[in-house]
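Please read them with the model open beside you.

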Amino acid sequence: MAQKFLEMPDKDGYFGEYGGQIVSPELKAVMDEIAAAYEEVSETKEFQDELQELYADFVGRPSPIFYAKRLSEKQGGARIFLKREDLNHTGAHKINHCLGQALLAKHMGKTKVLAETGAGQHGVALATACALVGIPCEIHMGEIDIKKEHPNVTKMKILGCNLIPVTRGGKTLKDAVDSAFEEYLKDPENFLYAIGSVVGPHPFPKMVRDFQSIVGREARAQFLARENKLPDVVTACVGGGSNAIGIFTEFLPDESVRLVGIEPAGKGLDTPDNAATLSLGKKGTLHGFKCYTLQDDKGELLPVYSIASGLDYPGVGPQHCYLKDIGRVEYEAITDKECLDAFLTLSRVEGIIPALESSHAVAYAMKIAKELGPDRTILVNLSGRGDKDADFIANYLGIN
Ligand SMILES: *Cc1c(COP(=O)(O)O)cnc(C)c1O
């Protein structure tokens with residue numbers, strides 16, 4: 001069973017029927033080259049040693065597991081534990097895969113790493129990794145997002161990345177993707193496009209998963225060491241799906257452990273304002289791979305919405321689509337309202353301000369704790385901290 005999961009994807013990048021490389025022949029050649037280089041470089045001792053040292057001394061790994069005692073008592077049921085990815089340098093799990101990709105670019109002799117960013121979280125993590133590794137970094141960002149996300153824009157500039165404002169189209173994430181991709185295609189031999197989640201054409205869903213799987217390897221060993229058994233439920237929020245696959249991977253062979261991915265239900269699954277791709281989507285293609293997507297009757301992609309900007313993606317990582325179909329992972333959805341309640345509760349009961357994204361997984365744990373009962377345990381991947389969301393929440397509560 002374990003082998004079956006660990007050997008995925010197949011050589012063409014498929015997890016069952018999902019994933020692959022649905023791109024032009026020219027781009028497929030470039031992706032095949034990255035895949036080959038990744039397989040070769042990532043297995044060398046030199047690369048692994050360098051990555052492990054940076055995880056430890058730069059990111060601050062291993063991140064601890066925290067028993068949220070007061071939250072558990074408040075809910076009155078299962079004990080809730082948090083995997084503290086919020087304590088990583090830069091405040092979230094994204095640094096795990098950004099470091100891996102920046103290091104890969106260096107080992108491949110690339111001259112520039114580039115990417116798009118929406119809210120700026122991927123941009124800041126990548127700019128940080130590139131500053132550390134010593135490789136030029138170029139981030140494309142829509143002008144509207146630049147105005148909205150001032151602190152992240154400032155951080156990227158301080159970190160020395162070349163920030164390209166995108167003025168075409170709606171001036172948001174989608175236009176930034178197009179702009180960054182055009183630049184990439186000018187010289188794919190020398191540039192590396194760093195993808196921000198377990199999405200895009202092969203080998204990115206595999207590469208990003210491999211870099212994030214450190215989270216589950218640590219968490220499983222830490223949990224066993226302190227509790228002498230495995231958790232009953234492991235849960236994480238799902239945007240593209242990187243933090244979720246990161247904590248799930250090591251637990252996939254453990255059939256006794258329920259794995260639950262949490263999507264944003266936004267204003268409700270019965271309204272158009274959500275981004276619950278796995279709960280409501282249909283099979284389609286997006287950004288070079290096959291996955292569930294939110295689409296209308298004609299197959300056009302629908303606009304997506306979530307209170308957490310890191311979760312509003314109209315597709316989802318191909319491995320999640322496969323894990324849903326075979327029933328190994330369940331996917332549930334949490335509304336904005338439940339997310340906000342979890343955000344404030346965790347802040348006030350434990351002194352931990354979670355990211356709005358991560359608050360979706362906390363909300364799910366709070367929701368099921370009681371019915372699970374007191375001798376059960378839930379492990380939540382707390383993917384990031386909520387400093388970035390503080391102003392938004394202050395406005396929302398009218399306390400600024
Ligand atoms: C970006 C982000 C996410 C969503 O991305 P995934 O690839 O689904 O993990 C979740 N949590 C935080 C804190 C993020 O910054």
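**Notes on the predicted model**

1. Asn228 sits in the loop that runs between helix 11 (214-227) and strand 9 (233-237). Its phi is positive, about 60°, although Asn228 is not a glycine. Please keep in mind that all of this is read from a predicted model.

2. Thr90 also has a positive phi, near 75°, and is a residue other than glycine. Is Thr90 buried, exposed or partly exposed? With a relative accessible area of 29%, Thr90 is partly exposed, because that class covers what lies between the 20% limit for buried and the 50% limit for exposed. The loop that holds Thr90 is the one between strand 4 (79-84) and helix 5 (94-107).

3. Two peptide bonds deserve a look. Arg61 and Pro62 are joined by a cis peptide bond with omega about -5°. Pro62 is placed in the loop between helix 3 (45-59) and strand 3 (65-67). The bond from His202 to Pro203 is cis as well, and its omega is near 15°. Pro203 belongs to the loop between strand 8 and helix 10.

4. The domain assignment gives domain 1 as 15-55 + 94-209 and domain 2 as 61-91 + 213-397. Each domain is therefore listed as two stretches of sequence, as the assignment writes them. How far apart are the centres of domain 1 and domain 2? Taken over C-alpha atoms, the centres are separated by 23 Å. Across the boundary, 27 residues of domain 1 are in contact with 32 residues of domain 2.

5. Next comes the ligand. There are 16 residues around the ligand, and those that come nearest are Lys94, Ser197, Gly239, Gly241 and Ser242. Sorted by class, this shell contains 4 nonpolar, 10 polar and 2 charged residues.

6. Which atoms of the protein lie at polar distances from the ligand? An N or O atom in the side chain of Ser197 is 2.6 Å from an oxygen atom of the ligand. A polar backbone atom of Gly240 is 3.2 Å from an oxygen atom of the ligand. In the side chain of Ser383, an N or O atom is 2.8 Å from a nitrogen atom of the ligand. The ligand taken alone exposes 380 Å², and the protein buries 97% of that.

7. Ser197 has a relative accessible area of 10%, so it counts as buried. The side chain of Ser197 also reaches the backbone nitrogen of Gly241, at 3.3 Å. Leaving out residues up to four places away in sequence, Ser197 touches His97, Val208, Gly240, Gly241 and Ser242.

8. Ala194 lies in the loop between strand 8 and helix 10. Its relative accessible area is 0%, and Ala194 is therefore buried. Ala194 and Cys98 are 96 residues apart in sequence, yet their C-alpha atoms are 7.4 Å apart in space. Beyond its neighbours within four places in sequence, Ala194 is in contact with Gln101, Val113, Leu114, Ala115, His122 and Leu126.

9. Ser358 is in helix 16 (residues 356-372). It counts as buried because its relative accessibility is 0%. The side chain of Ser358 reaches the backbone nitrogen of Gly384 at 3.0 Å. Apart from residues up to four places away in sequence, Ser358 touches Cys237, Leu382, Ser383 and Gly384. Ser383 has already come up, with its side chain 2.8 Å from a nitrogen atom of the ligand.

10. Is Lys186 buried or exposed? Lys186 counts as exposed, because its relative accessibility is 64%. The residue is in helix 9 (residues 173-186). A polar contact of 2.9 Å joins its side chain to that of Glu183. Lys186 and Gly327 are 141 residues apart in sequence and, C-alpha to C-alpha, 42 Å apart in space.

Note on methods:
Residues are numbered from 1 along each chain as its sequence is written. This is a predicted model: local features need pLDDT of at least 70, side-chain atom pairs count only at pLDDT 80 or more; totals for chains, interfaces and linings use all residues. Side-chain values use heavy atoms; hydrogens and water are left out. A residue is near a molecule or strand if one of its heavy atoms lies within 4 Å of it. A polar contact is a pair of N or O atoms within 3.5 Å; within protein, one must be able to donate a hydrogen and the other to accept it, and residues adjacent in sequence count only if both atoms are side-chain atoms. Accessible areas come from the Shrake-Rupley method with a 1.4 Å probe; for residues, only the protein chains shown count as cover. Ala, Val, Leu, Ile, Met, Phe, Trp, Tyr, Cys and Pro count as nonpolar, Asp, Glu, Lys and Arg as charged, and the others, Gly among them, as polar. Buried means under 20% relative accessible area, exposed over 50%, partly exposed in between (1.4 Å probe, protein chains only). Contact means heavy atoms within 4.5 Å. Helices (H or I, at least four residues) and strands (E, at least two) are DSSP runs, numbered from the N terminus.
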